[in-house]
Number of protein chains: 2
Amino acid sequence: MANAQLQSVLDHIDKDFDNSLERLFSLLRIKSISADPAFANDCKAAAEHLAKDIASLGVATEVRSTAGHPAIVGKTGAGGRPHVIFYGHYDVQPVDPLDLWHRPPFEPVVTDHADGRKIIVARGAEDDKGQVMTFVEACRAWKKVTGSLPIDVTFLIEGEEEVGSKNFVPFIEANKDEFKADYVLVCDTGMWDRNTPAITTSLRGLLYEELKITAANRDLHSGVFGGSAMNPIRVLTKILGGLFDDDNRITIPGFYDGVKDLPPDILEQWKKLNLTPEMFLKPIGLSIPAGEKGRLLIEQASSRPTCDVNGIWGGYIGEGSKTVIPSHASAKISFRLVEGQDPAKIRKAFRDYVTARLPGDCKVEFGDHSAAPAVALDWKMKPLAAASKALTEEWGKETVLMGSGASIPIVADFKRTLGLDSLLVGFGLDDDNIHSPNEKYDLRSFQKGIRSWARILAALAEVK
Amino acid sequence: MANAQLQSVLDHIDKDFDNSLERLFSLLRIKSISADPAFANDCKAAAEHLAKDIASLGVATEVRSTAGHPAIVGKTGAGGRPHVIFYGHYDVQPVDPLDLWHRPPFEPVVTDHADGRKIIVARGAEDDKGQVMTFVEACRAWKKVTGSLPIDVTFLIEGEEEVGSKNFVPFIEANKDEFKADYVLVCDTGMWDRNTPAITTSLRGLLYEELKITAANRDLHSGVFGGSAMNPIRVLTKILGGLFDDDNRITIPGFYDGVKDLPPDILEQWKKLNLTPEMFLKPIGLSIPAGEKGRLLIEQASSRPTCDVNGIWGGYIGEGSKTVIPSHASAKISFRLVEGQDPAKIRKAFRDYVTARLPGDCKVEFGDHSAAPAVALDWKMKPLAAASKALTEEWGKETVLMGSGASIPIVADFKRTLGLDSLLVGFGLDDDNIHSPNEKYDLRSFQKGIRSWARILAALAEVK
């Protein structure tokens, strides 16, 4: 009976898929770039649009104010059965450099990938609008076919994930009585590969710093002052250029303190997955792993801590030439952290590292954008086995339990504020260009993603 | 008789000074930024305006086309007496960062400096519109009072000095028969200090390079690729950060080849000038000389070769945070060269240095903006003694013969193409903020600059 119901739901998903796609497109057309204040109204519009969409499932849904972009809270179910929070985000990354997009980023289309796959192209197609809508559409199908959802669901969608959830975390803390549940479902991660589903069981943390180095009190002419006045770009490049040693290890004292090697059995599993530069780096035009020597490529990409300068600027960057020694130079730097690393300690170590290398007459100002520790999820949690089985049934391949190199800081916040574990299921692929021009989501990820959630909802109803 | 004439000219200069100032302001109001194609029409307007001004002296003046911004050529005199070319430029540097200007850069005013000096504030107030107008106004006074100039003058004013004179040099080469003269007067340099006039007898050369390092074929998400994919900002900062050793010497192999120490007598003179960090660096908010250890500050600033990163950019530089690994990162880098250094050799050494440090799967593209060797002028040329004496008479202090840290590449071009030496006299001060926000020219520099040229014109008439 339950199986027959599920089959009807899956059939309905396939039949209604064109409408699901149109509903996703409506959301993708809204320019909800959270990092840029110029798009604040678009963020609000996206929240209102998505709240209306969720409300149309018969869920009591509200757009809720925070100190930043609004959140969406929707509740359905009468209790007495498993109760999950579903988390996702409606905000997206900035779109620059715009000239590298093949089409306008907020005019979604279905098109053919170079290899013939059908893909949805738009900013947010995957991260995270496409992923969120796999769950929403799965719920819609259940509701349509059976009149209700198999479990109780609280929808909790935020608009500041791409800027560190600074106002969303205080919002859930302030309202935590509203968010009692058994665990959280998060749809913001990827598959192992195009055919193999995955559940993510560890996430790297993220420390994001900004620094500005000031030398002279004004811009100088290099003819007059070149050679005698310190150039802040020289200071900045010297400091940042020293962050890695010849083995590609990060040189900040204490950076690796507390970082553990993988358990031998996991290392063996990962060796067998045999991720090669040919598979992972060639599609992006590279061939040489840039991480620590002596580590597997999969370790470099997912279980080891990293450092990246995400932006750097100073002096004259227009056309032509200008012989200026600028007054200041800046950079944005982020660290992916792993279990055992304390973001606050790493921040202090980084700042000490910079300050120790600063000439006596220069100064540095620091700003921080986010600091979240790594998360290691409970591999033994009961819903994980149920979800894993449901995914395997949909995709016809064994579900991989994997570590992710990315950070979803909110997972640690859910544990800390609500005491809840998270189950991370998603349908992204490595070539989705998230945070880049020409972001895409495979049409198959979207359709089978909806079907996967329909199966998972059924499976979770059976978990006691 | 000659002295009485000169005195009348000087008196007229003082009497007419308000009008001189207004004529300078008219030129300063034109946004002749040569580096930015958006201001091409303004450059043309400045050429036409200044040509008209010179023509009003009774000089046959033309605006002449080049492959870039136009040049101005004006001729006066019937031969049989000393004949000089006067060189200057009407183009100016870009004005960014605009928010650091206290007033709009193209709305000149006379205002009070913090210490009570009267100053003219505008882009180009000194470099080089103010300086050019000291000569033009001196000629105007001679013409007005005596009906003619003491010597024959060819005015030769360009509009691309700030972008390397790329099209002006071919222009003088193509028309060199028009530019026969005894020597060149250049007004684009400074005084020793506020009260002490100077003639510049050596100039550093300039090599200006741009480079772009590309790693992946697109921007990447640091969660997915952080740790495994090379970040071009990491490559760029590592390379640029290694350009200086702990003694502040430039590490490019062969960079100092051919660079000579100062002659002992000049070194002694310079030691006596006793340029201190307190005098030279404190006004710009610094205290520690950034040049080679073991060298005098004045050597660092004027006779030693240098390297400065004038601009750097890559990745996300907007508000907030973005966890991107950019595809590429760029920098603009210039070298001030001294006698004995060949710009072409230094360019090759720099490019080899960069290429040798490039990871195997990254690539680099180079662009060059200019390459000019250093110039050492003939300290024994006869007009130099005459001009030096005239300057001493105007300022009441012995004229200093000094080396300049800046580059005026055209001086080497005049020697090469026309076979002419240059005499470099100017009235700029170290605190003029040239190439920076709030560029200024002391009102006294402008007035006594005009008077100085009036005296020099008289003195040069006597040089046989």
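Helices, of at least four residues, and strands, of at least two, are DSSP runs numbered from the N terminus. The model described here is predicted.

In chain B, the loop between strand S5 (118-121) and helix H4 (129-146) holds B:Asp128. The peptide bond joining B:Asp127 and B:Asp128 is cis, with omega at about 0°. A cis peptide bond also leads from A:Asp96 to A:Pro97 in chain A, where omega is near 0°. A:Pro97 is placed in the loop between strand S3 (83-89) and strand S4 (109-112) of chain A. A further backbone feature of chain B is found at B:Ser165, a residue other than glycine with a positive phi, near 55°. B:Ser165 belongs to the loop that runs between strand S6 (152-158) and helix H5 (168-174) of chain B.

Two packed helices are described by the angle between their axes and the distance between the axes. Helix H4 of chain B packs with helix H3 (residues 40-55) of chain B, the axes crossing at roughly 25° and coming within 10 Å. Angles under 35 degrees count as roughly parallel, and H3(B) is therefore roughly parallel to H4(B). On the H3(B) side the contact is made by B:Leu50, B:Asp53 and B:Ile54, and on the H4(B) side by B:Val132, B:Met133, B:Val136, B:Glu137 and B:Arg140. Five of the residues in this contact of H3(B) with H4(B) are nonpolar and three are charged, with no polar residue.

Elsewhere in chain B, helix H12 (residues 382-395) and helix H14 (residues 443-461) pack with their axes 8 Å apart, at an angle of about 135°. This angle makes H12(B) oblique to H14(B). The crossing of H12(B) and H14(B) is right-handed. H12(B) contributes B:Pro383, B:Ala386, B:Ala387, B:Ala390, B:Leu391, B:Glu393, B:Glu394 and B:Trp395 to the contact, while H14(B) contributes B:Arg444, B:Lys448, B:Arg451, B:Ser452, B:Arg455, B:Ile456, B:Ala459 and B:Leu460. By residue class, the contact of H12(B) with H14(B) consists of nine nonpolar, one polar and six charged residues.

In chain A, helix H2 (residues 17-28) packs against helix H3 (residues 40-55) at an angle of about 160°, and the axes are 9 Å apart. Because angles over 145 degrees count as roughly antiparallel, H2(A) and H3(A) are described as roughly antiparallel to each other. A:Arg23, A:Ser26 and A:Leu27 of H2(A) form the contact with A:Ala46, A:His49, A:Leu50 and A:Asp53 of H3(A). The residues of the contact of H2(A) with H3(A) comprise three nonpolar, two polar and two charged.

The domain assignment of chain A gives domain 1 (2-203 + 375-461) and domain 2 (206-259 + 305-372). Taken over C-alpha atoms, the centres of domain 1 of chain A and domain 2 of chain A are separated by 36 Å. Eight residues from domain 1 of chain A and seven residues from domain 2 of chain A take part in the contact. In UniProt, an unreviewed entry places the feature "domain: Peptidase M20 dimerisation" at residues 211-361 of chain A.

Note on methods. Residues are numbered from 1 along each chain as its sequence is written. Chains are lettered from A and ligands numbered from 1 in the order in which they are written. This is a predicted model: local features need pLDDT of at least 70, side-chain atom pairs count only at pLDDT 80 or more; totals for chains, interfaces and linings use all residues. Side-chain values use heavy atoms; hydrogens and water are left out. Axes are lines fitted to C-alpha atoms, for helices over the stretch in contact, and angles run from 0 to 180 degrees between N-to-C directions. Angles under 35 degrees count as roughly parallel, over 145 as roughly antiparallel, 65 to 115 as roughly perpendicular and the rest as oblique. A crossing is left-handed if the near helix is turned anticlockwise from the far one by less than a right angle, and right-handed if clockwise. Contact means heavy atoms within 4.5 Å. Ala, Val, Leu, Ile, Met, Phe, Trp, Tyr, Cys and Pro count as nonpolar, Asp, Glu, Lys and Arg as charged, and the others, Gly among them, as polar. UniProt positions are given in the numbering used here, feature names are shortened, and annotations may be inferred rather than shown by experiment. Domain bounds come from an automatic or database domain assignment.
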